[in-house]
Amino acid sequence: MRMFLWDLTNPERDGALENDVVSHENTHGLTNRMTGGGTGRCLQSTEAGGLGEGWSDAFADWVEKSDGTVPDFVMGQYVTNDPAGIRTHPYSTDASVNPLRYSSVKQLNEVHNIGEVWANMLHNVYAALVGAHGWSATARTDPTGSEGNVVFLHLFIDALPLQPCNPTFLTARDAWIQADQNRYGGANKCTLWKAFASRGLGVNAKNHNDDSTVPSDCQ
Ligand SMILES: [Zn+2]
């Protein structure tokens, strides 16, 4: 993993000293290897590359939690010496803080910007799962719990090999739903659908048009 000096400050700051940057970069290694059969060549389309950036921010978000609250999360505050960090918005459950939705992708063609849409959806999925199941302080080293942050990371990882090569928002979402079916018998199906649908990735979403519909048995 190659880490770099950031030249936004004087003296320059080392990305290797900021945990969320390290977590972000490490997660590229994970998502590239686990998506689409392990070729390492399945996050090549612009949308799939965007998902890749999104998973990396979402994992950094997960790692940075120290209790069961779900505060807004900002990437890259240290390397920039700026509370606004390196993204356009904080990741937030509050749509007035982060208004990004599935349809936002229509206006975007840069992978980090597309990734912000996906990472914010996953921030909301995380908040929903922690709200439903609580939070484990030992999740970083103990994957056996039933708490929401443990469930989130299992589904995050399980979904990666279930999705096709060059996944889209739609197929990546479907992989989370399938992962929950496989591991938890679909116990979180409605929690997941509601979180995705809250940001436009509902049942009938397609072609980067928002939809807030959830399955009929989740209404
Ligand atoms: Zn990245």
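Predicted model: local features only at pLDDT ≥ 70, side-chain atom pairs only at ≥ 80, totals over all residues.
View 1. Helix H4 covers residues 111–133, 23 residues in total, and spans 32 Å from its first C-alpha to its last, close to the 33 Å expected at 1.5 Å a residue. Helices (H or I, at least four residues) and strands (E, at least two) are DSSP runs, numbered from the N terminus; the expected span is 1.5 Å times one less than the number of residues. Glycine 134 follows H4 and has a positive phi, near 80°.

**View 2. A meeting of aromatic rings.** The whole structure holds 11 aromatic pairs. The rings of tryptophan 55 and tryptophan 118 form an edge-to-face pair, because their centres are 6.2 Å apart and their planes stand at 90°. (Rings of Phe, Tyr and Trp, its six-membered ring, pair if their centres lie within 6.5 Å; planes under 30 degrees apart count as stacked, over 60 as edge-to-face and the rest as tilted.) This pair links distant parts of the chain, with tryptophan 55 in helix H2 and tryptophan 118 in helix H4, 63 residues apart. Tryptophan 55 is buried at 1% relative accessible area, and tryptophan 118 is buried at 0%. (Buried means under 20% relative accessible area, exposed over 50%, partly exposed in between, with a 1.4 Å probe and protein chains only.)

**View 3. Tyrosine 126 and its partners.** Tyrosine 126 and phenylalanine 152 have ring centres 5.4 Å apart and planes at 85°, so they too make an edge-to-face pair. Tyrosine 126 lies in H4 and phenylalanine 152 in helix H5 (residues 148–162), so the pair ties together parts that are 26 residues apart in sequence. Both residues are buried. Lysine 65 lies over the face of tyrosine 126, at 5.2 Å from the ring centre. (A charge sits over a ring if NZ of Lys or CZ of Arg is within 6 Å of the ring centre and within 35 degrees of the ring normal.)

**View 4. A cis peptide bond.** Asparagine 10 and proline 11 are joined by a cis peptide bond, with omega about 5°. Proline 11 belongs to the loop between strand S1 (5–6) and strand S2 (13–14).

**View 5. Two asparagines with positive phi.** Most residues other than glycine have a negative phi, and most peptide bonds are trans. Asparagine 166 is not a glycine, yet its phi is positive, about 50°. You can find asparagine 166 in the loop between H5 and helix H6 (169–184), where it is partly exposed at 29% relative accessibility. Asparagine 207, also not a glycine, has a positive phi of about 50°. Asparagine 207 is exposed, with a relative accessible area of 59%.

Technical notes: Residues numbered from 1 in each chain as written. Heavy atoms only, no water.
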